[in-house]
Amino acid sequence: MTSPSHNPALSSDHGDLPRRGLMFIMSSPSGAGKTTISRMLLERDPSIRMSVSCTTRPPRPGEVDGKDYHFVSQDRFDATIAAEEFLEWAHVFGKSYGTPKAQVEAGLAAGQDYLFDIDWQGTQQLYQKLERDVVRVFLLPPSIDELRRRLTGRGTDSAEVIADRMARAQSEISHWDGYDYVLVNDDVDRCYAKVEQILAAERLKRARQTGLIGFARTLMAPAG
Ligand SMILES: Nc1ncnc2c1ncn2[C@@H]1O[C@H](COP(=O)(O)OP(=O)(O)OP(=O)(O)O)[C@@H](O)[C@H]1O
Ligand SMILES: Nc1nc2c(ncn2[C@@H]2O[C@H](COP(=O)(O)O)[C@@H](O)[C@H]2O)c(=O)[nH]1
């Protein structure tokens, strides 16, 4: 039911104005916890949707095609690049990863928020293309030893893959200053709470509130 004080320029009784969606990017060295925090966010916040990437790496145990990634051949990946159907793509750890364009562009205009688990190269590309829509968050592990423990403890990768990811961790970490927010993922719940706060504040940014001009006009119109 509409409250007596309801202004029809508001999109809901909660005082929300129509707004453009945002692109919430989480990056980190492998094993710092992006997937863990992303899953919590997707479970708890129905207003954000995962941008599912394409990759040429094989699935890990438990990963589902179309949910965790679109697992594709290198030929298929290359054809998608040629057709300009990626918003961004990069080589990471010897494999190809890319963000499909299709759903994201239309969704943003309709107010849909998207979550991206992508590396620093992809983050730079998205920032160059869609700067105003992008929110960049970088997760750091509390220590390098803890990062190794997490990669080993996850139990999904061979010793060779873990060694490769550890060898690249410091170079990944060197990109921390290309992000808007940098969080140390020491305790999962504490880190998640900070992510939630960032998302809440970013959603309220004036520039995203496409309904603001019209709403302010209704308030400034001469009383009739
Ligand atoms: N704050 C934390 N404390 C302890 N363990 C954690 C924490 N955050 C994540 N982990 C654990 O660390 C391991 C790696 O986490 P996760 O898979 O989320 O990392 P990732 O950054 O997504 O890695 P990748 O880039 O390789 O996909 C998992 O086993 C996860 O349960
Ligand atoms: N530039 C992009 N990077 C991506 C994308 N999808 C994932 N990633 C990053 O790759 C590494 C490795 O991921 P993993 O699942 O194999 O452990 C990690 O840093 C991801 O953030 C993408 O579409 N574009």
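Which ligand has an oxygen atom that lies 3.4 Å from a backbone N or O atom of Ile118? That's ligand 2: the Ile118 backbone comes that close to one of the ligand's oxygen atoms. Before we go on, a bit of housekeeping. This is a predicted model, so keep in mind that local features need pLDDT of at least 70 and side-chain atom pairs count only at pLDDT 80 or more, while totals for chains, interfaces and linings use all residues. Residues are numbered from 1 along each chain as its sequence is written, chains are lettered from A and ligands numbered from 1 in the order in which they are written, and side-chain values use heavy atoms, with hydrogens and water left out.

**The protein chain**

The protein chain has 8 helices and 9 strands; these are DSSP runs, numbered from the N terminus, with helices (H or I) of at least four residues and strands (E) of at least two. Its C-alpha trace spans about 75 × 40 × 30 Å along the principal axes. Of the 224 residues, 44% are buried. Buried means under 20% relative accessible area, exposed means over 50%, and partly exposed is in between (1.4 Å probe, protein chains only).

**Around ligand 2**

Back to ligand 2, which sits in the largest pocket. A pocket is found on a 1 Å grid over the protein atoms alone: it is an open set of points where a 1.4 Å probe fits, with protein on both sides within 12 Å along at least five of seven lines. A molecule sits in one if more than half of its atoms lie within 2 Å of its grid points.

There are 17 residues around ligand 2, and the closest are Arg57, Arg60, Tyr69, Tyr97 and Arg165. A residue counts as near if one of its heavy atoms lies within 4 Å. Strand S5 (86–92) and strand S6 (95–100) each give at least two residues to this shell.

**Around ligand 1**

For ligand 1, the shell has 18 residues, with Ser30, Lys34, Thr35, Thr36 and Arg154 coming nearest. Helix H1 (34–44) and helix H5 (144–154) are the elements that give two or more residues to that shell.

Here are some of the atom pairs for both ligands; a polar contact is a pair of N or O atoms within 3.5 Å.

| Residue | Protein atom | Ligand atom | Distance |
|---|---|---|---|
| Gly33 | backbone N or O | oxygen, ligand 1 | 3.0 Å |
| Thr35 | polar side-chain atom | oxygen, ligand 1 | 2.4 Å |
| Asn185 | side-chain N or O | nitrogen, ligand 1 | 2.9 Å |
| Ser53 | polar side-chain atom | oxygen, ligand 2 | 2.7 Å |
| Glu88 | side-chain N or O | nitrogen, ligand 2 | 2.7 Å |

How much of ligand 2 does the protein cover? It covers 96% of the 510 Å² of accessible area that ligand 2 has on its own. For ligand 1, the protein covers 78% of 640 Å². These areas come from the Shrake-Rupley method with a 1.4 Å probe.

**Two aspartates**

Asp157 is in the loop between H5 and helix H6 (159–173). Is Asp157 buried or exposed? With a relative accessible area of 18%, Asp157 is buried. Its side chain makes polar contacts with the side chains of Arg154, at 2.9 Å, and Arg60, at 3.3 Å. Within protein, such a pair also needs one atom able to donate a hydrogen and the other to accept it, and residues adjacent in sequence count only if both atoms are side-chain atoms.

Asp78, in helix H2 (residues 74–82), is partly exposed, with a relative accessible area of 38%.

Conventions
On a 1 Å grid over the protein atoms alone, a cavity is a set of points where a 1.4 Å probe fits but cannot get out, and a pocket is an open set with protein on both sides within 12 Å along at least five of seven lines; lining residues have an atom within 4 Å of a point.
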